[in-house]
Amino acid sequence: MSINQSDALDSGAADLLALMRSETGRVVSGASLSRELGVSRTAVWKRVNRLRALGYRIESAQSAGYRFVGAPDTPLAQEVQLDLATEVIGREVCYRPSIDSTNVLAVEMARNGAAEGTVIVADTQSRGRGRLGRSWVSPPGCNLYFSVVLRPSMVPAAIPQITLMTAVSLCGVLSEAAALPIRIKWPNDLWVGGRKVAGILTEMSSEMDRIRHVVVGIGVNVNVAGDGLPEDLQRTATSLTLETGTHWQRVSLFRGLLQALDRDYASFCQAGFAPFRSRFIERSMTLGRRIRVQMPEGETGGLALDITEQGALRIRRDDGSVVDVLSGDVTVLPEI
Ligand code: BTN
């Protein structure tokens, strides 16, 4: 399968982009571009239009030539990969302006052999998926929706820890970038000011004792405004913009997230969950609170005590018994 398909730049437009970017703000004549690239002026003009269609701001300066003014803040592969300092994550980036769900494509690509670290990112999703069969509202032009293919040499029991490691990584970058007190609601939600700002959906394929691949899907509400969210979500969801009153550059935030995830994933593969457990505990909004947990096998609740070495949530129930929950949907109850 070709991963870059229709939204990738052809090499001609990519060469023109590199050339024009190096001359940002200056007028470059069509003749000199055509000379440098070894193509006709008509071919240059076609490439300019291809770049404009992707959102690049290129002015035509009378008959003098073209001026490159700026790149769009869209997570196009060539923008994300520009100065991306990662070893594994983002070596391949596949951007789609619109998709049903980046997780669906990532799972399909992983099954077809996509390399570890392949990232699928979309500007909008028509069927963004959340945990427990919920949907993830994914309006265009404002947020980040992406999925990463991982192939850790681990046993399937490590999967929940990958979700927690991702939550820690994401939480670190977002809280630092936006200077916000973002907290993790076990296992995978990021909350700020009593509302959810980001979520993670991990899907995997494994054999009895070996993971084949994991797809970690991440949705971050970056610039969505209050009225960009459906009414029923306005009380429970928020965005970086709503919390800070600032507009955020999606591409540079995305690069920061991929770089942190790349470092954290490498350290997780080497040292396991232990270093992330303490970071998770520090950033948890669940521990020490009375909670209710909805699990596939029923409901339980009590006081959230700890995160175990396996990544489970340890709870003391009202009858004094202590249980470890490996997956479930937590509601933090109001303090009385
Ligand atoms: C949740 O909190 O329920 C998880 C939300 C995960 C949403 C992201 S957006 C990118 C990726 N593609 C999907 O369809 N879902 C995840």
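1. Start inside the protein. I89, V148, L150, M165, T166, V216 and L261 line the largest cavity. This is a predicted model. The cavity's volume is about 30 Å³. Searching the whole structure turns up 1 cavity of 30 Å³ or more.

2. Which elements give two or more residues to that lining? They are β6 and α6. By type, the lining residues of the largest cavity divide into 6 nonpolar, 1 polar and no charged.

3. Next, look at how helices pack. Two packed helices are described by the angle between their axes and the distance between the axes. Take helix α6 (residues 159-178) and helix α8 (residues 250-271) as a pair. Their axes come within 9 Å and cross at roughly 140°. That angle makes α6 oblique to α8. The crossing of α6 past α8 is right-handed.

4. Now the residues in that contact. On the α6 side they are Q161, I162, M165, T166, S169, L170, V173, L174 and A177. On the α8 side they are L253, G256, L257, A260, L261, D264, Y265 and F268. The contact of α6 with α8 has 12 nonpolar residues, 4 polar and 1 charged. Look again at M165 and T166 of α6 and L261 of α8: these contact residues also line the largest cavity.

5. α6 has another partner, helix α9 (residues 274-283). Here the axes lie 9 Å apart, at an angle of about 55°. α6 and α9 are therefore oblique to each other. What is the hand of the crossing where α6 passes α9? It is left-handed.

6. From α6, the contact with α9 uses L164, M165, A167, V168, C171, G172 and S175. From α9 it uses F276, R279, F280 and R283. Those residues divide into 7 nonpolar, 2 polar and 2 charged.

7. Finish with the largest pocket. It holds about 700 Å³ of space. Its lining has 36 residues, and R134, S135, W136, D189 and K196 are the closest to the pocket's centre. Elements giving two or more residues to this lining are α5 (102-111), β6 (144-150), β8 (189-192), β9 (195-206), β10 (211-220) and β15 (329-332). Which of them gives the most? β9 does, with 5 residues.

8. What is the make-up of the pocket lining? The residues divide into 14 nonpolar, 14 polar and 8 charged. For the largest cavity, by contrast, the lining has no charged residues.

Key:
Residues numbered from 1 in each chain as written. Predicted model: local features only at pLDDT ≥ 70, side-chain atom pairs only at ≥ 80, totals over all residues. Heavy atoms only, no water. Axes fitted to C-alpha atoms, helices over the stretch in contact; angles between N-to-C directions. Helix = DSSP H or I, 4+ residues; strand = E, 2+ residues; numbered from the N terminus. Parallel < 35°, antiparallel > 145°, perpendicular 65-115°, else oblique. Left-handed = near helix turned anticlockwise from the far one by under 90°. Contact = heavy atoms within 4.5 Å. Nonpolar A, V, L, I, M, F, W, Y, C, P; charged D, E, K, R; others polar. 1 Å grid on protein atoms, 1.4 Å probe; cavity = no way out; pocket = protein on both sides within 12 Å on 5 of 7 lines; lining within 4 Å. Points joined across faces, edges and corners; volume = space filled by probe spheres on them.
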